[in-house]
Amino acid sequence: MGTTGRLGLLLGQFDHAREMAQVRLNGLTDDEFLWEPVPGCWSLRRRVDAVTPRAFGPGEWVMDLGAADIPASEYGEVARQAASGMSVEKIADDWSVSVGRVEEVLAYTGEPEPDATPVTTIAWRLGHLHFQFAGGWEWTFGERRRDPKLMVDFTPSAALALERFWADVDRWRESVAGVTDEQLDTVGFSQYPYGSDPDDPFADVLAGTNLEFIHHMAEIAVLRDLWRARVQ
C-alpha cells in the first residue's frame, strides 16, 4: 500500500509520471530529437547558428529563447503570482520584463488574444525540463549559487541528453524523498530564481514541478506521434 501523506502522494504521482515518460521515450533517435515539424520552431542549435535573442547554455549548443515578454497564454499565471503575494518588481524580474509590462498585464480585463507561442522540438522540451530539475536541485538542496540556465551542457545526441536528464531527475527525486513535513510547509525552502519558488511553500513547489513534468512529457509524446505519422 502506498503512502498517503502529502509527500507520499506527490512522490507517487511523480513516480508514475516518470515511469510512463521513460517508456514513452524509448527508442528516441537524434533525427527525431531535433525534428522541426513546422518552420520557426524553437530547438537546440549550435551557438553560432542561434536565431533567438536570448538563446542560452554553457557550451557549443544553446537552447532557443525569444525576446522577453509575457505571452497572452500566461496572463493567468501572472495574476496567480500577484495573488500569492509576489511583488510587481519580483514578477517583472521573473519574466525579464519591465514593471510597466507587468502592470499592463495585471490591469488587463479583456480576453487575451492568442499569442504566437512557437512550436518547440523534443530537444527543446527536454532541455527545458532538464535545466529546471538541475536548477531546482541546486537552489533547494545544493549551494544555491549556479545559474540554472548554465548548468546543463545541451547536446544534439538524444541518448546522451536522456542519460544526463534522468540522472538529474533521479537526484532531485532522491533529495525530495527526505523532506520533512516542516520543510514542506516552509515558504522559500526552494530559492529557485526563475519563478515564484521563494514565495511559495515547498509543497506547492513540488506540486508545480509534477505538473510541469507531466505537461511537457505529454507534449513530447504528441511530437513522437507526429514524427511517426509524418509524410516522408
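Me: A crossing is left-handed if the near helix is turned anticlockwise from the far one by less than a right angle, and right-handed if clockwise. Which of these is the crossing of helix 1 and helix 7?

Reply: Left-handed: that is how helix 1 passes helix 7. Before going on, note that this is a predicted model, with local features needing pLDDT of at least 70 and side-chain atom pairs pLDDT 80 or more, while totals for chains, interfaces and linings use all residues. Residues are numbered from 1 along each chain as its sequence is written, and side-chain values use heavy atoms, leaving out hydrogens and water.

Me: What makes helix 1 roughly antiparallel to helix 7?

Reply: The angle. The two helices pack at about 165°, with their axes 11 Å apart. Angles under 35 degrees count as roughly parallel, over 145 as roughly antiparallel, 65 to 115 as roughly perpendicular, and the rest as oblique. So helix 1 comes out as roughly antiparallel to helix 7. The axes are lines fitted to C-alpha atoms over the stretch in contact, and the angle, from 0 to 180 degrees, is taken between N-to-C directions.

Me: How do you know which stretches are helices?

Reply: They're DSSP runs, H or I of at least four residues, numbered from the N terminus; strands are E runs of at least two.

Me: How do you know that the buried residues of helix 3 lie on the same side?

Reply: Y75, V78 and Q81 are buried in helix 3. They cover an arc of only 120° around the axis, which puts them on the same side; the arc is that of the directions from the axis to the C-beta atoms. These buried residues pack against helix 4 and helix 5.

Me: Why is N210 called buried but R80 partly exposed?

Reply: Buried means under 20% relative accessible area, exposed over 50%, partly exposed in between (1.4 Å probe, protein chains only). N210 has 5%, so N210 is buried. R80 has 37%, so R80 is partly exposed. N210 lies in helix 9 and, leaving aside neighbours within four places in sequence, is in contact with L10, Q13 and F14.

Me: What makes a set of residues a nonpolar core?

Reply: They must be buried Ala, Val, Leu, Ile, Met, Phe, Trp, Tyr or Cys residues joined through side-chain atoms within 4.5 Å. The largest one here has 48 residues, and F33, F165, W166, F213 and M217 have the most contacts inside it. Elements giving two or more residues include helix 1, helix 7 and helix 9. Helix 6 gives the most, with nine residues. Apart from this core lies another, of eleven residues, among them I70, A72, W95 and V102.

Key:
Contact = heavy atoms within 4.5 Å.
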